[in-house]
Amino acid sequence: MLGININKIALISVIFNLIDVLSVILPVLLAVAFMTIIERKQLAAHQRRVGPNTVGYYGVLQPFADALKLIVKETVIPSQSNKVLFYLAPVSTLIFSLLGWGIIPFGQGLSLSDFSLGIFYTLALSSLGIFGVLLAGWSANSKYAFLGSLRSTSAMISYELILSSAILIVIILNGSLNYITIIENQQAIWFIVPLLPVFIFYFIAILAETSRTPFDLQEAESELVAGFFTEHSSVPFVFFFLSEYSSIILFSCITSILFLGGYNMPELFVNDTFINLQSIVLGLKTCIICFMFVLVRATLPRLRYDQLISLCWLNLLPVAVAFIILVPSILVAFDIAPY
């Protein structure tokens with residue numbers, strides 16, 4: 001009887017864990033769908049077009065129509081491709097993108113895992129996402145797709161250095177790798193105020209990390225069709241599409257945590273209410289960063305590949321190194337170091 005009870009408890013625990021995971025993953029996938037319609041509407045407003053407005057009220061069901069269209073299409077696999085890696089590349093890219101949500105705090109005590117090394121976990125997953133891009137071009141056995149994946153990988157590795165340098169400055173200022181600790185340390189002032197230059201080159205780095213304009217050379221539609229995943233169609237293409245927009249929303253959420261105080265909104269709301277206002281505050285801040293992603297795409301032209309690499313190594317990297325030296329020097333000089 002004791003063994004049966006233990007098995008029941010273990011089964012109930014697994015079910016509750018599965019419900020917790022689905023309660024995060026399903027809203028994220030829904031947010032990805034609406035992020036696409038928001039982007040198309042915002043781009044249309046910038047270019048004086050109407051945008052999607054037929055499927056559903058005000059076009060809000062257009063993402064679901066697009067998803068259905070892609071799913072019912074035939075999956076075409078190149079005859080000379082490595083079929084296992086051809087499918088593994090989009091699946092791994094989407095999985096690594098979704099795994100990043102496991103440690104995001106949506107409010108006090110509202111996270112799947114309060115991981116003490118949360119930032120390290122995020123950087124590790126963003127680095128592993130490069131392998132999906134590389135495998136996508138290599139498995140298709142096409143020189144165009146392979147060159148696209150190499151371009152994408154080299155650009156992502158270059159801007160990983162800038163991204164990690166900006167996050168390192170935030171870690172030095174907090175003395176912790178935990179997201180909740182970083183949020184709590186911003187109750188008096190958001191880090192975007194003292195670290196505005198750091199936020200600027202951090203935002204440039206996440207634009208390149210998520211392959212967004214003007215740093216989308218590896219998948220430029222007008223020149224490369226889709227770059228490293230040109231040969232992927234139907235469901236594999238949907239996986240790449242979901243992973244890209246999921247990464248945009250994830251990095252927008254991380255940005256709001258690192259620089260905008262996360263779910264904190266000092267002295268404006270009483271959070272002991274039946275409605276979780278903290279999650280609403282975090283969602284609004286994340287939406288602001290998402291709109292900035294689209295605004296940059298609607299405003300700036302695409303850079304050349306050599307300009308992109310030069311911007312990283314010759315312009316942003318020296319500034320990042322300078323701030324890595326400056327910030328701890330100020331903390332030690334005024335005896336306010338958090339460790």
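The model is predicted: local features need pLDDT of at least 70, side-chain atom pairs count only at pLDDT 80 or more, and totals for chains, interfaces and linings use all residues. Residues are numbered from 1 along each chain as its sequence is written, and side-chain values use heavy atoms, with hydrogens and water left out.

Start with helix H9, residues 234–259. Helices (H or I, at least four residues) and strands (E, at least two) are DSSP runs, numbered from the N terminus. The axis of H9 comes within 13 Å of the axis of helix H4, residues 118–139, and the two cross at roughly 160°. H4 is therefore roughly antiparallel to H9. Axes here are lines fitted to C-alpha atoms, for helices over the stretch in contact, and angles run from 0 to 180 degrees between N-to-C directions. Angles under 35 degrees count as roughly parallel, over 145 as roughly antiparallel, 65 to 115 as roughly perpendicular and the rest as oblique.

The crossing of H4 and H9 is left-handed. A left-handed crossing has the near helix turned anticlockwise from the far one by less than a right angle; clockwise gives a right-handed one. On the H4 side, Ile119, Thr122, Ser126, Gly132 and Ala136 meet Phe240, Phe251, Ile254 and Leu258 of H9. Contact means heavy atoms within 4.5 Å. The residues of this contact comprise six nonpolar, three polar and no charged. Ala, Val, Leu, Ile, Met, Phe, Trp, Tyr, Cys and Pro count as nonpolar, Asp, Glu, Lys and Arg as charged, and the others, Gly among them, as polar.

H9 also packs against helix H10, residues 277–299. The angle is about 120°, and the axes are 8 Å apart. H9 and H10 are therefore oblique to each other. Their crossing is right-handed. H9 contributes residues including Tyr245, Ile248, Ile249 and Ser252, while those of H10 include Leu282, Lys285, Thr286 and Arg297. By class, the residues of the contact of H9 with H10 are nine nonpolar, four polar and two charged.

Ile249 deserves a look. At 8% relative accessibility, Ile249 counts as buried (buried means under 20% relative accessible area, exposed over 50%, partly exposed in between, with a 1.4 Å probe and protein chains only). Leaving aside neighbours within four places in sequence, Ile249 contacts Ala31, Val32, Met35, Trp101, Thr286 and Cys290. Met35 is 214 residues from Ile249 in sequence, yet their C-alpha atoms are 8.2 Å apart.

Next comes the core. The largest nonpolar core has 65 residues. Such a core is a set of buried Ala, Val, Leu, Ile, Met, Phe, Trp, Tyr and Cys residues joined through side-chain atoms within 4.5 Å. Phe201, Tyr202, Leu258 and Phe259 have the most contacts inside the largest core. H9 gives the most to this core, with ten residues. Beyond residues up to four places away in sequence, Phe201 touches Ile162, Ala166, Ile169, Leu316, Val319, Ala320 and Phe323.

Now the loops. Trp190 sits between helix H6 (179–184) and helix H7 (196–209). Trp190 is partly exposed, at 25% relative accessibility. Its C-alpha atom is 9.8 Å from that of Met265, 75 residues apart along the chain.

Most residues other than glycine have a negative phi. Arg48 has a positive phi of about 55°. Arg48 lies in the loop between helix H1 (2–46) and helix H2 (62–71). Arg48 is exposed, with a relative accessible area of 82%. Tyr58 is in the loop between H1 and H2, with a positive phi near 60°. Tyr58 is exposed at 57%.
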